[in-house]
Structure formats: C-alpha cells, structure tokens
Amino acid sequence: MSTVETDVASDAQRKALPRHKEAFNSVAEVFLHDRRAVVGGILLLVMIFAAVVGPQLIPYDPHQPDLQDRFAAPSWSHWMGTDRNGRDLLARVVAGASISFRVALGASLLALVIGAPLGAVTSYVGGIVDDVTQRFMDAIIAFPARLMAIVLIVLLGPSVVSLWFAIAFSSIPRYARIIRGSVLGQKEREYVEAAHAIGEGRLAILFLYILPNVLPPMAVQVTLDFASAVTVEASLSFLGLGLGPPTISWGGLLNDAQQWLETAPWLAIFPGAALALTVLSFVLMGDAIRDHLDPRTRRRGERRLAR
Amino acid sequence: MIRYILLRAVQIIPTVLLVTMMVFVLVMVIPGDPVLSMLGYYADDTTAVPQEIYDRMFRELRLDRPLPIQYLYWLGDALQGDFGKSVVFRVPVIDVVLSRVPATIYLGTFAVAIAIAIAVPFGVWAAMRNNTWVDHLASGFVLFGISVPGFWFGMIVILVFSIYLGWLPAIGYVAPQDDFLEFMKHLILPAGVLGLDVAATVLRFQRTDFLEQLHQDYVRMARAKGLPRRIVIWKHVLKNSLMATVTVVGLNTARLLGGSTIIETLFSYPGLSRLLIEAIYARDFPIIQAVVLLMVVLVVVVNFCVDLVYAYLNPRIRYITA
C-alpha cells in the first residue's frame with residue numbers, strides 16, 4: 001500500500017471519487033422494478049404481521065387442549081383444524097412463526113457479524129494468517145451445513161442461543177469469502193489508488209470505499225441465509241433436536257403430524273406450507289437482488305461495447 | 001495433467017487433516033466426562049460405571065496422554081478402519097457403519113440420476129426457449145425445488161402415493177439382491193424427493209450456463225461458417241455447458257448428504273444418515289464420530305474428483321493453476 005497517508009483528504013476531494021452510493025440505491029431499486037422482489041416482500045410482510053398480530057386476533061390459546069374437539073378438520077371455527085389434543089392449529093402455526101423468525105434472524109446475523117470482520121481482517125493482513133484461516137474455512141465448508149448443525153446442537157444442547165450458533169457456524173465461511181473476494185478485488189481498483197493519492201488512510205479506504213461495495217452481495221447472502229436458516233431450524237426440530245415442547249416450532253409440528261398423516265393430513269399440510277412460503281419469500285427477494293447485481297449480466301453489455 | 005492431480009492432492013491434505021481434527025475434538029468437547037460419554041451414559045452420571053471398567057476405558061481411550069498424542073493415535077486407528085466399539089450394538093463401529101453404506105449409495109446415486117434426467121434436458125430446453133412459457137415453467141420449478149423443504153414435500157408425497165393412491169410403500173428398505181422389484185418400490189419416493197431438491201439447483205445452473213454459451217463468440221463463428229444451428233447446439237454448446245453440470249452435481253454432494261439425514265429419517269430408510277440420527281438419540285458417540293468423518297471425507301474426495309474432471313474437460317484450468 002502507498003505511503004502517502006499524512007494529509008487528510010478534503011470533503012471536496014472525497015466527493016469527486018465514486019463512493020458507490022448507487023450500491024444502496026440499486027437494492028432499493030430492485031423493490032420498485034422487480035416483480036419477484038415485490039411479491040417476496042409482501043409475502044414476508046404478511047408472515048411478520050401474522051406472527052406479531054396473529055396471537056391477539058385468534059381466539060384460541062396455542063397450548064390449551066380441548067378434548068371435545070380432537071382432530072377436527074379445517075372449518076370456519078378452526079381454519080386449519082385441530083391436533084390430537086384439540087388445540088387450534090392456526091394458533092400453533094402462528095406461534096411457530098415467531099420462534100422460527102427469532103432463530104433464523106439471530107443465526108444469519110451471527111454469521112454476518114463473525115464472518116464479515118474475519119474475512120475483512122484476514123484478507124487485509126494477508127500472509128500466513130490469511131492462509132491458515134482459509135484452510136479452516138475449507139474444512140468448515142466440507143461439512144454439509146445440516147450435518148454441522150445437527151452435530152453442534154447435540155454438543156451444545158437445545159436453546160435459542162445454541163441454535164443460533166449451530167446454524168450460523170457453517171455460513172461463516174461464506175461471508176468471509178464474499179468480503180475477502182471484494183477486498184482483494186477492490187484493492188487494485190483505480191478509485192482506491194485515487195483515494196490513496198488524495199491522502200486517505202488505510203482504515204478510511206477499507207470502510208469508506210471498499211466496504212460499501214460489499215454491501216449488496218452481503219444483502220443477497222443474508223437474505224438467502226435467512227431462508228436456509230429457517231429450513232435448518234425446522235429440520236432440527238423435525239428430528240427432535242431443536243427446542244422441544246412446550247415451545248412450538250414448525251419442525252416440531254411436522255414431527256407430530258407424521259404419526260397422524262392418515263387421520264389428520266392438515267396437521268402436516270399447514271405448518272409445512274407456512275414454512276415453504278417463508279422460505280419462498282426470502283428466495284424471491286434474494287434472487288431479484290442477485291440478478292440485479294450479477295456482474296455477468298452487466299459485463300455482457302461492456303463486452304459488446306468493447307468489440 | 002499428472003502434475004495438476006498431484007498439486008490438487010497436496011492442497012486437500014491440510015483440509016482433510018483439519019476435518020479429522022474437528023471430528024476428534026467433537027467428542028472431546030462434549031460437556032462432561034468423555035469416558036462416560038463414550039460408554040453412552042450422561043456425563044454427570046458418575047455412579048453409572050464401576051471404577052475398574054472406568055479405569056480400563058480411561059486407558060483404552062489414552063486419556064492419560066496429552067491431547068495431540070491422543071489425536072495421533074486416534075487418527076492412526078481411524079486410518080486402519082478402527083473406530084472403537086459401538087455402545088449400542090456392542091460390535092466394531094466400522095462393521096455397523098459399512099453395513100449401512102450400500103443403502104445410502106443406492107439412494108444418493110438414484111437421486112442424482114433423477115436430478116440429471118430432469119434438470120439437463122429441461123435446462124437446455126428452457127435456455128433455448130428463453131422467456132417463453134417453457135422458461136417460466138423451469139423458473140417455477142426451480143423456485144419450488146429451492147423453497148419447499150424436502151421433509152415436508154416427502155410427507156405430501158407419502159400422503160398422495162402411499163396413503164391415498166396406495167401405489168408405493170411409505171417406509172422401509174429391501175436389499176436389491178433379495179427382491180429387486182421391492183427394492184425399486186422402496187427407493188422411488190425417497191430418491192425422488194431428494195433428487196428433486198438437487199434437480200432445482202442443477203437446472204438453474206444448466207439454464208444460465210447454456211444461455212451464456214449461446215452468446216459466445218465460438219457459436220457465432222460456427223454459425224457464420226455455415227454450420228447448422230442443430231449441430232452447433234448439440235455438438236458444441238451442450239458439450240461445453242455439461243462442464244458446469246459436472247461441477248454443480250459434484251458440489252451438491254454435501255447438500256445431498258445433508259438432505260438425506262432428514263429424508264432417510266422420514267422414510268425410515270436404513271442408510272448412513274439414519275444411523276447417525278439413531279446414534280444421536282442413543283448417545284452412541286463412536287458411531288457419530290465415524291459417520292460424520294466418513295461423510296465429510298466423502299464430500300472432500302468428491303470435490304477433488306470434480307476438480308479433476310473439470311480440469312480434464314477444460315485444459316485452461318490446468319495451465320492456470322500449474
């Protein structure tokens with residue numbers, strides 16, 4: 001890196017360099033122009049609304065058994081039917097949403113908070129630190145994500161915090177890689193050189209110029225990670241390794257439903273549909289943002305110009 | 001090519017070693033006493049085992065030695081296929097594990113075959129009819145495959161094909177040498193559910209890659225020199241884009257193994273993943289260690305093979321890396 005770090009850049013000089021504000025705007029733009037992002041966003045809002053307001057609107061307690069009304073099929077009084085203890089399934093699915101969101105949000109943020117600084121610092125420092133970290137990342141990536149989560153949850157015992165960690169662990173390398181690729185790629189760019197020339201310090205360059213460029217791919221990663229975290233949490237509960245009763249989770253509901261597939265198929269259909277729609281909403285948004293940012297679609301235009 | 005193989009082989013050694021270390025540490029970090037854990041007891045249950053058995057186990061596990069030495073012994077034993085004795089089955093771990101391998105291999109192979117059979121033709125078709133109903137159908141299929149969790153889709157499939165229609169058995173497994181027809185009947189549903197999951201990922205890449213190939217210079221060149229479109233597509237474009245397919249299928253091994261933990265449990269299919277879950281319920285740590293190690297090493301080896309196939313198909317990779 002250059003040695004000119006004594007004078008501090010003036011505001012005017014800073015403004016002359018691209019700060020990639022468009023990176024933020026472009027994410028916002030996706031929600032105006034891409035139908036998938038709009039549909040995904042609305043779907044997500046509906047799910048969040050149901051999770052937050054639902055418990056007040058539904059006249060049943062998700063834990064309250066009603067033995068007069070066991071295995072009731074979906075009807076006007078029980079929209080999703082009732083389970084083996086006569087508990088209202090809609091109330092239980094809505095209750096499951098909040099635990100699902102809490103675990104997935106925590107897990108994807110935890111992976112971001114650990115992975116991103118790790119990638120930034122190691123790629124910045126370089127040398128042996130970088131090499132050793134990379135080998136560790138390779139080893140973690142070799143573990144199938146779900147297998148890793150299962151093993152970790154067995155070791156840590158089920159709790160919300162250990163679920164965060166168990167699910168986040170295998171996504172850490174993905175964040176580290178995205179950041180690393182960006183830092184290494186951007187380091188050589190002309191605008192970074194220009195920032196050096198006007199006297200910006202190394203940290204200022206990392207935070208003001210390089211990191212903003214990484215935010216959009218990070219947004220994609222967090223979105224898709226959230227989707228997979230929801231699925232992994234459900235898988236763990238389905239296997240009986242997640243938060244057990246009395247906590248209500250979608251995976252746990254599906255596990256219960258397995259025994260009653262023939263008598264009460266609705267017990268399997270509705271919690272699974274809620275799960276699938278949640279994942280779908282994030283996949284739709286993530287895909288839309290990714291397509292918008294995909295350098296391949298952009299570069300195709302550049303290549304044509306060059307010819 | 002030989003140089004490239006050696007280079008890549010040397011590169012994966014640290015990864016494999018780290019993986020073995022992580023799996024070894026796994027049992028060491030179980031909260032509480034490793035001897036009790038290895039014997040299948042809860043770690044705080046100190047009165048469960050007589051002192052002399054405890055002492056013998058303590059020496060057998062070499063817990064009196066420093067941790068790095070323990071690891072080296074363990075690695076040496078593991079390389080010879082010795083993972084100790086299963087707590088539940090009271091026989092060598094390796095025998096239990098190997099007895100479950102064929103079922104998982106059948107399931108995985110069949111799932112990949114289904115995935116390729118759906119994804120490749122569909123992906124090519126969607127790319128050639130870009131932005132038509134075929135393409136939209138393919139996108140819908142991809143979204144469905146990615147968003148719908150396998151275990152839920154599996155339940156729906158059981159509901160439809162086993163319970164309502166009664167066409168196929170919902171659970172279980174029959175060895176192919178015993179009754180091939182029954183074997184196939186038991187395999188179709190789990191392999192189909194698992195395969196559909198992989199198919200979505202493969203289809204997405206196949207479509208994008210084929211579309212990109214269609215816009216390459218060599219395609220325009222081939223068309224310009226008068227080659228019919230049919231030949232350009234089937235002889236040149238498809239061949240090139242299948243490279244991407246090889247990679248994606250290979251990289252999905254991890255996903256396949258992860259997915260199989262749930263699918264094998266749902267369909268009570270006696271493969272490796274089901275063994276893992278059973279071992280977890282029974283706290284059979286030697287088995288857990290062996291299965292996890294086997295799966296992860298399998299992923300690393302498959303990725304290594306994918307690299308080689310890719311380098312073989314695309315000579316440029318060899319020159320860049322070597």
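## Basis of the model

Residues are numbered from 1 along each chain as its sequence is written, while chains are lettered from A and ligands numbered from 1 in the order in which they are written. Because the model is predicted, local features need pLDDT of at least 70 and side-chain atom pairs count only at pLDDT 80 or more, whereas totals for chains, interfaces and linings use all residues.

The predictor gives the complex an ipTM of 0.82 and a pTM of 0.83.

Chain A has 13 helices and zero strands, and chain B has 14 helices and zero strands; here helices (H or I, at least four residues) and strands (E, at least two) are DSSP runs, numbered from the N terminus. The C-alpha trace of chain B spans about 85 × 60 × 35 Å along its principal axes.

A residue is called buried if 20 or more other C-beta atoms lie within 10 Å of its own, exposed if 12 or fewer do, and partly exposed in between, with C-beta atoms placed from the backbone. By this rule, buried residues make up 44% of the 307 residues in chain A and 37% of the 322 residues of chain B. Two residues are in contact if their C-beta atoms, placed from the backbone, lie within 7 Å. Among contacts with a separation of 6 or more, residues 24 or more positions apart account for 72% in chain A and for 70% in chain B.

## Where the chains meet

The contact between the chains draws 31 residues from chain A and 33 residues from chain B. On the side of chain A that touches chain B, the elements giving two or more residues are α5 (127-142), α6 (145-156), α10 (202-238), α11 (250-259) and α12 (266-293). That side has 23 nonpolar, four polar and four charged residues, where Ala, Val, Leu, Ile, Met, Phe, Trp, Tyr, Cys and Pro count as nonpolar, Asp, Glu, Lys and Arg as charged, and the others, Gly among them, as polar.

Helix α5 of chain A holds Ile141(A), which counts as buried because it has 21 C-beta neighbours inside 10 Å. Ile141(A) and Pro173(A) are 32 residues apart along the chain, and their C-alpha atoms are separated by 7.0 Å.

How many of the 12 residues of α6(A) are buried? The count is 10, so α6(A) is largely enclosed by the rest of the structure; the buried residues include Ala145(A), Arg146(A) and Val154(A). After α6(A) comes Gly157(A), whose phi is positive, near 80°.

## Bent helices of chain B

Helix α8(B) has 35 residues, but its end C-alpha atoms are only 43 Å apart, short of the 51 Å that a straight helix would reach. It bends by about 35° at Ile188(B), and a proline, Pro190(B), follows within four residues; the bend at a residue is the angle between axes fitted to the seven residues ending there and the seven starting there.

Helix α10 (residues 229-251) of chain B also has a kink of about 35°, centred on Leu238(B), although its 23 residues reach 32 Å from first C-alpha to last, close to the 33 Å expected. Its buried residues are Ile233(B), Val237(B), Ser241(B), Thr245(B), Val248(B) and Val249(B), and what covers them includes α5 (93-128), α8 (180-214) and α9 (217-224) of chain B.

## The nonpolar core and a partly exposed serine

A nonpolar core is a set of buried Ala, Val, Leu, Ile, Met, Phe, Trp, Tyr and Cys residues joined through C-beta atoms within 7 Å. The largest has 164 residues, of which Ala149(A) and Val291(B) touch the most other members. Leaving aside neighbours within four places in sequence, Val291(B) is in contact with Val97(B), Leu272(B), Leu275(B), Leu276(B) and Ala279(B).

Ser162(B), in helix α7 (residues 150-164) of chain B, counts as partly exposed because it has 18 C-beta neighbours inside 10 Å. Not counting residues up to four places away in sequence, Ser162(B) touches Leu168(B), Pro169(B) and Ala170(B).

Terms used
The expected span of a helix is 1.5 Å times one less than its number of residues.
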